[in-house]
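Hello,

Here is the structure you asked for. My notes on it follow below.

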Amino acid sequence: MAKIGLAWVNPAPLTKPGNVVNFAKKCEAMGCDSMWTIDRIAYDNLEPLTILAAAAGATQRIRLGTSVLLGNTRHPAHLAKIIATLDFISNGRVTIGLGFGSREPDYKAVEIPYEHRGTRAVEQVQLMKRLWSEDNVTHKGHFFNVENLSVGPRPIQKPHPPLWTGGSAEAALKRAGTWANGFISGSSAIADFHVTWDKIASYAAAAGRNSNEIEKASLAFMAINDDKAKAVKCVEDYTMRYYGRIRTAVEPVSIVGSPDQCVEKINYFLSKGLDTLIIGVADPDPRQLDLFGEKVLPKLKA
């Protein structure tokens with residue numbers, strides 16, 4: 001069966017300090033495969049790698065991932081060290097989903113150019129891979145320059161933690177095919193996932209890669225409520241707060257409604273060939289986890 005992960009997406013004002021660790025513990029106790037976080041700078045989310053560090057200390061088994069990390073808002077040497085440390089303290093349980101950002105304020109906030117962010121991210125990945133596996137690295141690139149640099153610790157996972165990407169532009173699909181270990185689609189693309197995947201697979205083949213070794217994943221948001229209209233409204237509220245607009249009808253691309261309706265939608269998404277479904281818990285009520293663990297997840301395993 002495909003793997004199920006839960007994503008922590010709640011803004012800081014809608015949560016309490018203990019909720020993050022409880023979320024991680026419940027993800028593991030109920031049998032989820034993974035826990036994920038989102039990343040923004042100019043937004044009141046909790047910093048993702050800090051959340052995953054807390055989750056690493058509270059769990060033993062689940063994988064810990066970002067869906068997705070705006071990696072190029074951080075210097076590659078610093079980010080390589082943070083990710084390696086996280087992989088080390090979690091004993092090799094980290095997956096880094098990398099995004100390139102669609103909001104200029106996140107880049108302005110840290111005084112990093114918004115332009116050429118995709119090209120810069122590719123160079124960042126190349127440099128981080130070297131820093132994770134080599135000593136005395138010298139790199140002279142278009143965006144980054146380091147000389148005789150060694151960064152420890154080394155990640156537990158060899159040669160490095162899995163690096164996944166997302167996006168829908170042709171350049172993003174090419175990145176996924178040519179060097180990524182996994183691809184995360186948006187929920188609006190799940191229905192036609194095979195079309196996206198065919199493009200990624202062709203880029204992989206052109207690069208001499210086996211596309212079967214690239215993890216197929218998607219992120220979708222969930223609100224469990226017997227009153228489906230309230231569940232839809234919850235996801236709409238989250239979407240408006242986070243994205244600033246609703247780009248498509250929420251209900252068809254979300255996991256909303258009663259537990260049985262949520263089971264039906266999850267099974268539909270999984271039928272599209274996903275290896276991993278990442279479910280963003282849009283309703284900040286901590287009882288959503290209990291509902292998911294008691295009334296949704298067991299029926300998926302049946």
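Of the 302 residues in the chain, 52% are buried. Please keep in mind that this is a predicted model.

The whole chain first. Its secondary structure comes to 11 helices and 11 strands. The radius of gyration is 19 Å, close to the 19 Å that the globule rule gives for 302 residues, so the chain is as compact as a globular protein of that length. Along the principal axes, the C-alpha trace spans about 60 × 40 × 35 Å. Among contacts with a separation of 6 or more, 70% are between residues 24 or more positions apart. The chain has an accessible surface of about 13300 Å², and carbon and sulfur atoms account for 52% of that.

Next, helix α7. The helix runs over residues 193-206, and at 1.5 Å a residue its 14 residues should span 20 Å; the C-alpha atoms at its ends are 20 Å apart, which agrees. Which residues of α7 are buried? They are F193, T196, W197, I200 and A204. These residues cover an arc of only 95° around the axis, which puts them on the same side of α7.

On the face turned away from the buried side, α7 carries the exposed residues D198, A205 and A206. After α7 comes G208, which has a positive phi, near 75°.

Regards

Notes:
Residues numbered from 1 in each chain as written. Predicted model: local features only at pLDDT ≥ 70, side-chain atom pairs only at ≥ 80, totals over all residues. Heavy atoms only, no water. Helix = DSSP H or I, 4+ residues; strand = E, 2+ residues; numbered from the N terminus. Expected span 1.5 Å × (residues − 1). Buried < 20%, exposed > 50% of the residue type's maximum accessible area, 1.4 Å probe, protein only. Arc of directions from axis to C-beta. Rg over C-alpha atoms; globule rule 2.2 N^0.38 Å. Contact = heavy atoms within 4.5 Å. Areas by Shrake-Rupley, 256 points an atom, 1.4 Å probe, with all protein chains shown as cover.
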